[in-house]
Protein chains: 2
Amino acid sequence: MGSDSTKEKIVQAAKQIFLRKGMDGARMQEIADEAGINKAMLHYYFHSKDQLFDEVFYGILSQLIPGLISIFKSDKPFLDKIEAFVTEYDTYMSRNPFLPQFVFREINRDPDQLSRFMSDRGLNFELVEGMINREVSNGNIRPITFPHLFANLIGMIVMPYIGRPLFQRKLFKNDPIEYDRFLLERRSVITQFVKQALGA
Amino acid sequence: MGSDSTKEKIVQAAKQIFLRKGMDGARMQEIADEAGINKAMLHYYFHSKDQLFDEVFYGILSQLIPGLISIFKSDKPFLDKIEAFVTEYDTYMSRNPFLPQFVFREINRDPDQLSRFMSDRGLNFELVEGMINREVSNGNIRPITFPHLFANLIGMIVMPYIGRPLFQRKLFKNDPIEYDRFLLERRSVITQFVKQALGA
DNA sequence: AAATAGTTTAACCAAATGGTTAACTTTGCA
DNA sequence: TGCAAAGTTAACCATTTGGTTAAACTATTT
């Protein structure tokens with residue numbers, strides 16, 4: 001049975017195409033071509049485009065989110081956790097450069113489904129939120145609420161990936177090597193930036 | 001001649017739909033419905049979907065970008081410029097909440113065109129870049145390159161808009177009023193965050 | 001008022017798209 | 001070996017989509 005292999009080929013191909021074009025922009029034929037199979041096979045293994053998409057999308061999230069949350073469950077000092085978070089997230093992005101744009105696009109397309117997915121898996125932020133509030137009341141970091149710190153962090157990490165096509169052209173003379181160097185630099189730049197902002 | 005009014009109705013309707021759904025997700029019929037006119041009128045005033053899209057997209061950018069750059073041409077102290085930039089940008093976003101997601105989606109769809117558009121209009125960052133380098137060499141702010149500071153700023157400003165559907169649900173119990181309050185807070189939070197990070 | 005140019009509409013079209021069908025091939029196993 | 005199930009394919013289908021057309025309507029000009 002080539003079944004397992006074919007199904008896997010489909011998932012991989014769908015990942016490529018969906019990541020680059022999003023749900024709306026992707027074509028089933030394109031996915032089939034990328035996988036090197038007949039289009040009917042897509043519907044043999046997955047009922048519909050929607051189901052295939054969900055499989056891919058939530059497969060990616062299931063892989064990404066738990067790793068990020070687990071960082072905050074370690075017993076490192078708080079600022080080291082931030083450093084680990086930045087590095088881990090950024091490493092993942094560098095291997096999946098289209099992911100942020102993809103995730104945010106779909107966040108806006110069907111937010112309820114995503115929200116439900118996270119709730120179902122017990123993925124919430126209360127643990128991290130409490131941790132930050134404690135750091136603030138202990139006077140270890142300057143006052144800031146969790147949503148603000150979270151938005152700041154994610155924003156800084158994600159922006160150079162989402163904006164890459166423009167940033168690379170306008171700020172790095174469209175030199176991809178220079179831009180990759182820039183991306184790598186950001187791990188320490190962001191960490192330093194946050195540490196200083198939090199007065200640590 | 002209802003011409004001018006009809007054309008304007010089309011542009012406004014197209015703006016709404018394109019902002020929410022992007023180029024791929026938008027339907028010409030939907031735009032016609034939103035404008036309350038016959039679909040053929042879209043092609044009467046604009047040759048194609050692509051041309052209509054470009055008109056809308058670059059109309060928005062033409063309005064947004066110059067205002068942002070002019071802030072840095074004023075003679076305020078540098079950190080006040082940052083504050084003004086954050087406030088101005090954020091005010092614009094609050095009036096056009098779908099804009100960031102939209103812009104970044106299209107940045108990825110056709111980067112060359114956007115890059116050319118900016119070049120044609122002389123919209124480049126050299127002025128601001130020089131300004132920041134000068135601040136650093138004068139020792140007024142901690143060392144940081146322009147691309148890093150730019151990515152940090154834009155990321156922090158834009159993130160809560162791009163991620164709103166999820167953030168509001170997961171961090172604010174899906175209460176839109178609380179989220180709007182959060183968005184407003186961010187202007188000062190970001191400004192403070194940056195000032196402290198830059199050691200000012 | 002007649003001719004003309006600009007505006008609007010309903011009906012239509014070809015291409016693309018997600019999805020189905022029925023026949024054919026391969027595989028696992030009694 | 002033979003047969004049932006799984007896997008695969010080409011051809012097909014209904015709907016959607018961007019776009020066109022020709023006729024009708026409206027305003028302007030003379």
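**Close-ups of a predicted two-chain model**

**View 1. R164(A) and D180(A) join up in a salt bridge, with N and O 3.1 Å apart.** A salt bridge here is a side-chain nitrogen of Lys or Arg within 4 Å of a carboxyl oxygen of Asp or Glu. The pair ties together distant parts of the chain, R164(A) sitting in helix 10 (residues 164-171) of chain A and D180(A) in helix 11 of chain A, 16 residues apart. Helices are DSSP runs (H or I, at least four residues), numbered from the N terminus. D180(A) counts as partly exposed because its relative accessibility is 41%; buried means under 20% relative accessible area, exposed over 50%, and partly exposed in between (1.4 Å probe, protein chains only). This is a predicted model, where local features need pLDDT of at least 70 and side-chain atom pairs count only at pLDDT 80 or more, while totals for chains, interfaces and linings use all residues. Residues are numbered from 1 along each chain as its sequence is written, chains are lettered from A in the order in which they are written, and side-chain values use heavy atoms, leaving out hydrogens and water.

**View 2. Another salt bridge brings R187(A) to D90(A), at 2.7 Å from N to O.**

**View 3. Within helix 11 of chain A, R181(A) pairs with E178(A).** This salt bridge has its closest N and O atoms 2.7 Å apart. The two residues are three apart in the helix, so about one helical turn separates them. R181(A) is partly exposed at 46% relative accessibility, and E178(A) is partly exposed at 31%.

**View 4. Helix 7 (residues 111-120) of chain A has P111(A), L114(A), S115(A), F117(A) and M118(A) as its buried residues.** They lie on the same side of the helix because they cover an arc of only 155° around the axis, taken from the directions from the helix axis to the C-beta atoms. Their cover includes helix 4 (49-73) and helix 6 (99-109) of chain A, plus helix 10 of chain B. After helix 7 of chain A comes G122(A), with a positive phi near 65°.

**View 5. R169(A) reaches across to D112(B) in a salt bridge.** Its closest N and O atoms are 3.0 Å apart, and chains B and A share two salt bridges in total. The contact (heavy atoms within 4.5 Å) involves 48 residues from chain B and 48 residues from chain A.
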